[in-house]
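Welcome to this short briefing.

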Amino acid sequence: MKCARCLLQLQRLRPAGQSARSAAQYGALPQSPYASHMLHNTQLQVLRRFHGSPARVKNRPVPAEFINEDDKKRDKSLVAHDDLFERVDKESRTKATFNKVVDVFIKADVRRRGHVEFIYAALKKMPEFGVEKDLVVYNKLLDVFPKEVFVPRNFIQRMFNHYPRQQECGVQLLEQMETYGILPNVETKVLLVQIFGEKSHPMRKYQRLMYWFPRFKHTNPFPIPQQLPEDPVDLARFSLTRIANDLDAAVTVYQLPCTDITESGELLTLPHIVGIQGPSQMELLAKHNPSRPVFVEGPFPLWLRKTCVHYYVLRADPLPPEEKVEEPYDPERCLVYPLQLDLDLDRDFGDEESFDVEDLDEGPVFAMCMTSQGDQATLNQWISGLQQNNPILGQVPTLFRLNAGPKELQGVGDTESEHHRKPEQETQREERQPEEEPEVLEEERPRRSHGMKQ
Amino acid sequence: MLTVNRLVLLSKCAQIGKGLLACSVRQAGREALSLRQRRSFRSHCRKLAYAKDLFLGQVNKAEVFPYPEIGNEEVEEINQLVAPVERFFNEEVDSSKIDREAKIPPETLNGLKELGLFGIMIPEEYGGLGLSNTMYARLAEIISLDGSIAVTLAAHQAIGLKGILIAGNEAQKQKYLPKLASGEHIAAFCLTEPGSGSDAASIQTRAVLSEDGKHFLISGSKIWISNGDMADIMTVFARTEVLVDGVKKDKITAFIVERAFGGVTSGKPEDKLGIRGSNTCEVSYDNVPVPVENVIGEVGGGFKVAMNILNSGRFSMGSSSAGMIKKLIAMTSEYAATRKQFNKSLSEFGMIQEKFALMAINAFVMESMAYLTAGMMDRPGLPDCSLEAAMVKVFSSEGGWICVSEALQILGGLGYTKNYPYERYVRDCRILPIFEGTNEILRMYIALTGMQYAGKILTAKVKEMKKGNIGTVFSMVGKKLKDTFRSSVDLGLTGKDGVVHPSLAESAKKMEQNIYLLGLTVESLLYRYGKTIVDEQLLLKRVADVLINVYAMTAVLSRASRSISIGLRNHDHEVLLANTFCTNAFFKNNYLMTQLQKHSPENDDANIKKIAREVLENRAYVCSHPLERTY
């Protein structure tokens, strides 16, 4: 376990340094963190070269000749193989075309000359063709290796590094699978045995993969599905349930997204509003002191794999210690046994099992929501939706403390004005009758979103 | 004749009382201090109690030895009463029909009324039989042959009218008891609500004083009311506003509500697993006007009334279960003797024999516990035997369940069919651990009552120990050393002043060891947990189990000793049963108390809690399916 944690930490640490370096090397880079990850992995491959002894190469002229030949051609062939993939249109880069390129290479030369370079090139191009997570493609790439040629035939070959470049290439392929979390299957194993033999380095790599991958498959107690839901409402539902982590909490869709054309011909887009609230939260909110405000805060980011969604919370400040009231013990509560003992003895220190944790009272969170449009008008709709089940919200002053979310970049001026308006809002609200709350909010709405009519 | 009996009983009790007094004087010198503390704590109940003192590792042998007896006339009287009841149940009650049709036929009910079974414990001046607890227990043995009738009668008189009987005023008794005793009116006890079982704070039914101040208007609904459909008189508990020190507070009040007051409606009868003939349904009250004089006790005093009613009704379950098991033994042994397998009758197989032994031991223990408790309750001075009664209930409901299911097992497939009554017994029996306070909550009651009692007395000592007072520590160490040199614990049950017959001496020694160890265990638990022991339910459960076992051992030892001494028929069999049970219970107790020790490897409470927590977090079984693969 400790070892696993170390690995995780290492992986977390690496991208920072590595990606910077790779950025320097490769210039323009794809923006996603995965890309840099992959790159650093290929680099690692270079670092983890097997020790092939050059002296041995001299003893075996024939392979040496091959290698020399390869060396001479290397630059040329690399370009050629890259070229094979480059020739495919940017638009039509799919699994089918990738397979076609591989087929072309296989059929082009019975000896498969330059297959190591081809495989390296193919590995590099896989993400572009969107096949980096496809096991079948990896097996097909492995199939490019000529069979039985690299299998050691005697103990000396077995003892030393037999065909190091090929083995290294095989390991590299497996390593890329590892990077993308692809678990090899039996076919991979059969291929590896046919190509490199039972005790080769790629085979070892395969065995290590098969040892660790299944063990780590379910380490995350909160797994995220590979395919996130496309529909924003479904996605919101999924992420809210994930954050709340409360089996009792009910998700409510306050508004479905839709586009409408108003009478004046304006295009009206209604954002989706999805909220979640559990019964215990409702209970907390019902007990909330109406003279203390509740806050709508957000947006806060939540990352689900490569997607980032934002959510808003309805919360209150923690109760000041003087307002906390403990329910007094009622001796006439339980009909059968005493709920408390009338003893002057406390728990012994030796049996104290609780940790001394510094408790930071954060204040209750009453509800959460997600919406595609995080302006105050939309969030107000959420609050009035909540009010149906939580009548107390009609009496509690609600303050909006919204940061400029990613989608509000264009409205910098708007948010600024909102900040200015805030104190004024508060004073306004406290003066009014509590029942008029929703109307007050209605008045403020047009200022912010002119086009919206509800 | 009855009054004569009572006189005899009274004089006997006085003698016992004298004996107790002498005994306490003898002990007084030894533990004057602790006694003084105890007295201040138990101001409301009798000075001596058996079960509570076990928590201190002491045996109050005068309380349970000799085994309580009833007078000769009373024996005759009860025999005269029992015979017709037994005949009635054997000949006129068709239990399978009651079960099938989920209704007790009116002629059966009338028969019960004629026998006076609706007023067993109501005094004669109000038209009841006026029997003691002991005699009630004896009748319960027979009544329990049909679960539905037993529950109907229990709901009527063990809880339904008990409120009037123990807390009602003279006018209320005069008005209601005669008709209840004759069975003309049937009573029900209405406490449980949809949101409230044992939690009095969540009772929602409300009683509001009308403007003229003459009536309370009751509104609300009660669920799972036995006899709810046919009850004419109901004891209803409702919330009322009471002024306490000038502050308005909600308190529970008990009312006598007649169906004739109007506004009482009962719902559809519940379809139950067992006791199908008994009527259970929801009862709703819609502004039912109840005259002020129908308040039981005083306004706001309903909690005490409810607790007393519940506490007093539990002891009879021991004799009921015993009666049922005795009947089952007779039925199954008939089968086991005639049924042949491999040319041997079933009764020759060891595993079948074991089942019969188990049933016999259980019936014997339950009987002993029930009549010991009933006898203690019949003593003058309103002794508080609620702890003992709760132990009887827990032991007999669980033992009953095991025995009934073993009896069915003897029959095998036949027992599983509706052609035989065993499946009905199994179904009926399942209610026993649930009603009249679930066994879980009663275990809490048993353990916590004792802990509270022991805690009051031991607080000073434990505090001294915690402070590291040299004197206390040395006296502790000295006591420990003395104990190690002494071969066994002697609490005075055997030997010179012994009360246990020598043929049971070994079992008595085992019990003494258990009691001594229980005292130490309780002390260490108090030292370790103090008042937070309330939250350690798994520990409390074990404490309760040990105490129940010890009380059961006491009961069988006391009963068997008496049987030998007066030469009852087959007393050697009783000795055999008692010794077997005591050996068994001794091991169980030792195991339980080992688990209660700190860092004991047998104690896997932490694991149990963790398993439960993980399952409950997921609200499902957590493990992956064994057929699942990861690659």
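How far apart do the C-alpha centres of domain 1 of chain A and domain 2 of chain A lie? They lie 50 Å apart. Keep in mind as you explore that this is a predicted model.

**Chain A as a whole**

- Chain A is divided into two parts named domain 1, which covers 81-217, and domain 2, which is written as 232-323 + 362-402.
- If you count along chain A, you will come across 16 helices and eight strands.
- Chain A has 454 residues, and 40% of them count as buried.

**Two cis peptide bonds to look up**

- In chain A, go to A:Gly298 and A:Pro299, which are joined by a cis peptide bond with an omega of about -10°.
- A:Pro299 has its place in strand β5 of chain A, a strand made of residues 294-304.
- In chain B, the peptide bond that runs from B:Phe65 to B:Pro66 is cis, and its omega is near -10°.
- B:Pro66 sits in a loop of chain B, with α4 (61-64) on one side and α5 (72-91) on the other.

**Two residues with a positive phi**

- A:Arg305 is not a glycine, yet its phi is positive, at about 50°.
- To find A:Arg305, look in the loop of chain A between β5 and β6, where β6 spans 307-316.
- Is A:Arg305 buried, partly exposed or exposed? A:Arg305 has a relative accessible area of 38%, so it counts as partly exposed, the class between under 20% and over 50%.
- B:Asp245 is not a glycine either, and it has a positive phi of about 50°.
- This aspartate, B:Asp245, belongs to the loop of chain B that lies between β4 (233-244) and β5 (247-258).
- Is B:Asp245 buried or exposed? B:Asp245 is exposed because its relative accessible area is 75%, and exposed means over 50%.

**Places to revisit on screen**

- Strand β5 of chain A holds A:Pro299, while the loop between β5 and β6 of chain A holds A:Arg305.

Methods: Residues are numbered from 1 along each chain as its sequence is written. Chains are lettered from A and ligands numbered from 1 in the order in which they are written. This is a predicted model: local features need pLDDT of at least 70, side-chain atom pairs count only at pLDDT 80 or more; totals for chains, interfaces and linings use all residues. Side-chain values use heavy atoms; hydrogens and water are left out. Helices (H or I, at least four residues) and strands (E, at least two) are DSSP runs, numbered from the N terminus. Buried means under 20% relative accessible area, exposed over 50%, partly exposed in between (1.4 Å probe, protein chains only). Domain bounds come from an automatic or database domain assignment.
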